[in-house]
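Please read the points beside the model.

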Amino acid sequence: MTQFSQTGDLVGENLACRRGERLVFSGLDFRLGAGGALVLTGANGSGKSSLLRLVATLLAPAAGRLLWNGAPVERDPATYRGVLHYLGHLDATKPALSVREMLGFWAAMRDVTSPALDQALDTVGLGSRADWPCRWLSAGQRRRLALARLIAAPAPVWLLDEPSAALDRDGDARLEAAIAAHRAAGGRVAVATHQPLAIPDAAVIALDDFAAASGDPLAAWS
Amino acid sequence: MAPFLGLIRRDLRLALRQGGEMGLVLGFFVLAVVLFPFGIGPEPELLRRIGAGIIWVAALLAAVISLDRLFAADHADGSLDLIALSALPLEAAVLAKAIAHWLTTGLPLTVLSPLLAVFLDMEPAAVPVLVLGLLIGSPVLSLFGAIAAALTIGARRPGVLVSLLVLPLYLPPLIFGAGAVEASLTADSGHANLLLLAALSLAAVPLAPLAAAAALRQALD
């Protein structure tokens, strides 16, 4: 297992997110150090996915800033993108490609020269399905393939949006083991989830606490 | 370089394995050209004169109908998020996808065009100019098309919107491409038109990916 650098905290300062005219959350701070874990909880629509997309730089924050290793991430976005893995709601699989081709493609897109594809597939329990076309996979198996993407191309920060959606009990156990191994190697992980996943010593951010104060969406404009 | 080539290879693989879509575009191209003689009557003189224009217009329309899936599929299944977060700058990813699009539409259209030229009874001397023009000019169709495809991500009727956006942009390659054939038959050779077409193509290689990548960033937000 790759050992990640112990230095380098991912820090969010006073983050706010606006979707359309609605202020989803504001005044949110977090710090994620080596081996650390954040669990994001909150009702539907409280901004868990938005926060993860914001940390992944797919969304621009309405206020506040993100720091990696003490420097604002927009100063060197290419390096910052290289240290993070984002696992969203969608599994980004192509029905016409085989499982191994799909995994190899995403590893190549991260410029990983010799990814351990079969080892990653074994870790998520898809080892015997490597030559299946992705159209044969069930929703849970596609989710496992998405998880294998993170294992095949190591990166210190994992941003996981409902990673256990559609996973069975065996899948949940493999997910928990993968997160534990990632953290043991010095990786950092932020998880948005409704399921009771076993992630020991995780800091919890309840996004409901950061919701816009008043029910009037236009109050947020000031 | 590995991510760039990897993205081209993936798009080619997808296009070849889902061969139906590519076949539809080529079939559309051939049918559109074949319809003209039925519409205007079998007059070799007339067909010979307007043949190059017919083939160019049909090629533009065939390129347009292949555009709406250029980014829409990657956007719908979440691949676009990951491409934006990959080691490849978004501009380079657009260029890679445009190259793959040209290899699966522009290049086969160019290869088919001499057959259709014979069908329309074009002057033998004009056929090489037509093919050369399509070879030089068809990358513009993929590159300008990438801008329109990126702008219409998430639209309710992307197909219609793409054609409205992109067909005016296709006017210059159409004018120079068909003009080169026309000029090659008169005293003048078609060189000037072909050079202008090449200039357009070369300018589009760096500029179109910049514009399309900016549009994609808007779509991701």
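1. Axes are lines fitted to C-alpha atoms, for helices over the stretch in contact, and angles run from 0 to 180 degrees between N-to-C directions. Helices (H or I, at least four residues) are DSSP runs, numbered from the N terminus. This is a predicted model: local features need pLDDT of at least 70, side-chain atom pairs count only at pLDDT 80 or more, and totals for chains, interfaces and linings use all residues. Residues are numbered from 1 along each chain as its sequence is written, and chains are lettered from A in the order in which they are written.

2. In chain B, α7(B) packs against helix α10 (residues 191-220) at an angle of about 15 degrees, the axes being 8 Å apart. The two helices are therefore roughly parallel (an angle under 35 degrees). By class, their contact has 22 nonpolar, three polar and no charged residues; here Ala, Val, Leu, Ile, Met, Phe, Trp, Tyr, Cys and Pro count as nonpolar, Asp, Glu, Lys and Arg as charged, and the others, Gly among them, as polar.

3. B:A146 touches B:L70, B:V94, B:K97, B:A98, B:A208 and B:A212, not counting residues up to four places away in sequence. Contact requires C-beta atoms, placed from the backbone, within 7 Å.

4. Between the chains, 21 residues of chain A meet 22 residues of chain B. On the side of chain A, α2 (77-83) and α3 (99-109) are the elements giving two or more residues, and α3(A) gives the most, with four. That side has 13 nonpolar, three polar and five charged residues.

Methods: Contact = placed C-beta atoms within 7 Å. Parallel < 35°, antiparallel > 145°, perpendicular 65-115°, else oblique.
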